[in-house]
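Let's take a friendly tour of a protein model, one question at a time. Have a look at it first.

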Amino acid sequence: MADIRQYRKEKKNSLAKDAEAQNDGEYDDGRLKKHRLRIKLIAAAAALVVVLVVVLCVVNYSSGYKSYAVHNSAARNDNGYAKYMDFGSGYVRCSKDGIAMYSYDGVQQWNKTYEMKSPLTDVCGHYMAVADTDGNQIHLFDRSGYISTVDTALPIMQIRVSEKGTVAAILEDTNAAYIRLYDSEGTQIYNIKSTVAGNGVPVSMDVSPDGHLLIVSYTAVEEQKLATSVVFYNFGEVGQSEVERVVGGYDTYGEQLVADVKFMGGKAAVAVGENTVSFFKVGEYPKLMADVKQEHTVDKVLYSDKYVGLEYTDSDNVRRVDVYDTSGSLTAAFKADGNYSQYIFAGDALLMYGESSLKLVNMKGRTLFDGSIEEGIVEMISVSGDNEYICLGPDKLMMIEFKHGG
């Protein structure tokens, strides 16, 4: 009897413990469920915040820039005769009596004095070349300052520089013209001689960013008529096996003058004729991608690594800018009213500006900014993307940034 009572007592205690343990498990499960629910709510709230931020950013950016801020300004003190260019991590001021580089906050980095009547300049990557028209010296600079001087011995008509420091120059002699290439130390690499009666005189030329290719437009006289051609040269290994290093030639321009040739980045080039614009894909050998015929006289050509802009006046006396990509496809067509007289590319947008007013439009035709610079505008130079610029006013230079907020 005592054993039965003891058994029942032990059994009762055991059941109580099991019940207590079960209750503890239910409590743990409930707490775990609440914890998981809290995590889900926090994650959902965070996701909602992210979505709202993205939506606000999209709405804000798609609506364009609302204002601009002037970060730094300085008096020009150049009487309007200096040329300014974006270069490295700052800008350069080039005039008849010297050149100087400044950081964006206006601190001078270096300078060099000289005397020139009509300076020629070209910038590519880390290098910049400066020469006097009809002079016989080319000064080469990088971001740290002066590097070397090339003595050409003959009058200089055009200069170009590559991002490797290779310098190309068109030189003029009494009965011939020469195109010469120099390395960054001033040593001559190659010489091309041309005459009117031969392959023609060079009208325009450009050197590729890597310094291996040269594009030249020539004009000759054949049977008392002008004859124009565009020729590509290769100064790498491929060109060594070609006659006079010529790797491509195009003479389909007839009597029209091809006044400008340009490399667009490293893999494209363009030749601008009076009524034909040719687009080339460039490798070791060039390939003609498109010949775009023009119905109107092109007044100005704009370049970037991605786009070519042709500015002209149509038959209704309306100013227009047609934009093509590197393959020759029409990307955008802009109409400009009388307030704008100058145009530059800024990233994937076109900036149109006049004496004080300016308008920024992307390639889809959306206006990103439409306003004015109260200090006045002489020239705008794109620095970064489509919202940072060097603004040259009549009396001062300003670093400005377009802003989305007021």
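This is a predicted model: local features need pLDDT of at least 70, side-chain atom pairs count only at pLDDT 80 or more; totals for chains, interfaces and linings use all residues.

Residues are numbered from 1 along each chain as its sequence is written, and side-chain values use heavy atoms, with hydrogens and water left out.

Q: Which strands stand at the edges of the open sheet of 4 strands?
A: The sheet runs in the order 26-27-28-29 with antiparallel pairing. Strands here are DSSP runs (E, at least two residues) numbered from the N terminus, and two of them pair if DSSP finds at least two bridges between them. Two strands have a single partner each, so one side of each is left without a neighbour in the sheet: strand 26 (342-346) and strand 29 (367-372).

Q: Which residue is the bridge partner of Tyr343 in strand 27?
A: Strand 26 and strand 27 (residues 349-353) pair in the antiparallel sense over 5 bridges. In strand 27, the partner of Tyr343 is Met352.

Q: Is Ser229 buried or exposed?
A: Ser229 lies in strand 16, which covers residues 225-234. It touches Asn199, Val216, Ser217, Tyr218, Tyr250 and Asp251, leaving aside residues up to four places away in sequence; contact means heavy atoms within 4.5 Å. Buried means under 20% relative accessible area, exposed over 50%, and partly exposed in between (1.4 Å probe, protein chains only). With 16% relative accessibility, Ser229 counts as buried.

Q: What is the relative accessibility of Leu226?
A: Leu226 also sits in strand 16. Leu226 counts as partly exposed because its relative accessibility is 41%.

Q: Where does Gln224 lie, and what is its phi?
A: Gln224 is in the loop between strand 15 (213-222) and strand 16. Gln224 counts as exposed, at 80% relative accessibility. Most residues other than glycine have a negative phi. Gln224 has a positive one, near 65°.

Q: What is the phi of Asn77?
A: Asn77 belongs to the loop between strand 1 (67-75) and strand 2 (83-87). Asn77 is exposed, with a relative accessible area of 71%. Its phi is positive, in a residue other than glycine, and near 55°.

Q: Which residue takes a positive phi in the hairpin of strand 4 and strand 5?
A: Strand 4 (residues 98-103) and strand 5 (residues 108-113) pair in the antiparallel sense over 5 bridges, and Ala100 stands opposite Asn111 in strand 5. The hairpin has 4 residues between the strands, and the one with a positive phi near 90° is Gly106.
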